[in-house]
Amino acid sequence: MSASKLVRPSVEYQDSFLAALREYHEEGHYLYNNIAELRADFKGFVKALRTEKGYPHQPYQEWVEPVPETVTWLVKDGEYLGTADIRHRLNWHLEKWGGHIHFIVRPSKRRMGYGRKILLKAMPIANYLGIETALLTVGPDNQAAIRIIEACGAQFSDELPSTNQFPARRRYWLDCT
Ligand SMILES: CC(C)(COP(=O)(O)OP(=O)(O)OC[C@H]1O[C@@H](n2cnc3c(N)ncnc32)[C@H](O)[C@@H]1OP(=O)(O)O)[C@@H](O)C(=O)NCCC(=O)NCCS
């Protein structure tokens, strides 16, 4: 049995990643990733995720500028367990609702401590990418993520109310140095 680690995406995790994606879809995450298409060209998908300049984070593409992000996968014993996306800088959308670091654990692997591990392991990578203090944003009802963010030492900043476009968000600053 090996320790969990954060790695760049790799084809060796194809089966467990696609199985996890099916679980993510069931809870409404990553619906823009089509499983059959990814299976047909997983190598191309991984190559795009591993681009040197970072994979562009581009939600709401028509009205929010994309920013580069480094995508990392938490893996253990050759299996994909979760993702941490580290955005190299903020745009106005990330400043309010997205933050520098997004993390997610495969639903069938939750409540085993991987959520806390993934954020702890993402902190030095964020620092390596030049982020000294990372912004983390979280829904006020997301007790698991709040526990993790606070346990990692983040300082609460404020809570933004929901708008017509976006849900409410608690914002924290996390020292990654
Ligand atoms: C948030 C998330 C990453 C937590 O992953 P996880 O692997 O279950 O987290 P952990 O096992 O490390 O648990 C962390 C803490 O939250 C608690 N917890 C986990 N799930 C919980 C839940 N549903 N309700 C309340 N507390 C919960 C754990 O008991 C643990 O508490 P402790 O610190 O007192 O021991 C996972 O639920 C997830 O991927 N959610 C969807 C994406 C998301 O919300 N990401 C966060 C964006 S900011």
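Trainee: Which element gives the largest share of the shell around the ligand?
Mentor: Helix α6 does, with 5 residues. The model is predicted: local features need pLDDT of at least 70 and side-chain atom pairs pLDDT 80 or more, while totals for chains, interfaces and linings use all residues. Residues are numbered from 1 along each chain as its sequence is written, and side-chain values use heavy atoms, without hydrogens and water.

Trainee: How many residues surround the ligand, and what makes a residue count as near?
Mentor: The count is 18, with Arg111, Gly113, Arg116, Asn142 and Arg147 the closest. Each has a heavy atom within 4 Å of the ligand, so each counts as near. By class, 8 are nonpolar, 6 polar and 4 charged. Arg counts as charged and Gly as polar.

Trainee: How much of the ligand's accessible area does the protein cover?
Mentor: The protein covers 74% of the 940 Å² that the ligand has on its own, by the Shrake-Rupley method with a 1.4 Å probe. Elements giving two or more residues to the shell are β5 (101–105), α5 (114–128) and α6.

Trainee: How do you know that β6 and β8 are paired?
Mentor: Pairing needs at least two DSSP bridges between the strands. β6 and β8 (residues 169–175) have 6, antiparallel, so they pair. Strands are DSSP runs of E with at least two residues, and helices runs of H or I with at least four, numbered from the N terminus. Thr133 has Asp175 of β8 as its bridge partner, and Val138 stands opposite Arg170 in β8.

Trainee: Why are β6 and β7 called edge strands?
Mentor: The open sheet has the order β6-β8-β7 with antiparallel pairing. β6 (133–138) and β7 (155–160) each have a single partner, so one side of each lacks a neighbour in the sheet. The twist averages 25° from one strand to the next. β7 and β8 share 5 bridges, and Glu159 stands opposite Arg170 in β8.

Technical notes: Axes are lines fitted to C-alpha atoms, for helices over the stretch in contact, and angles run from 0 to 180 degrees between N-to-C directions.
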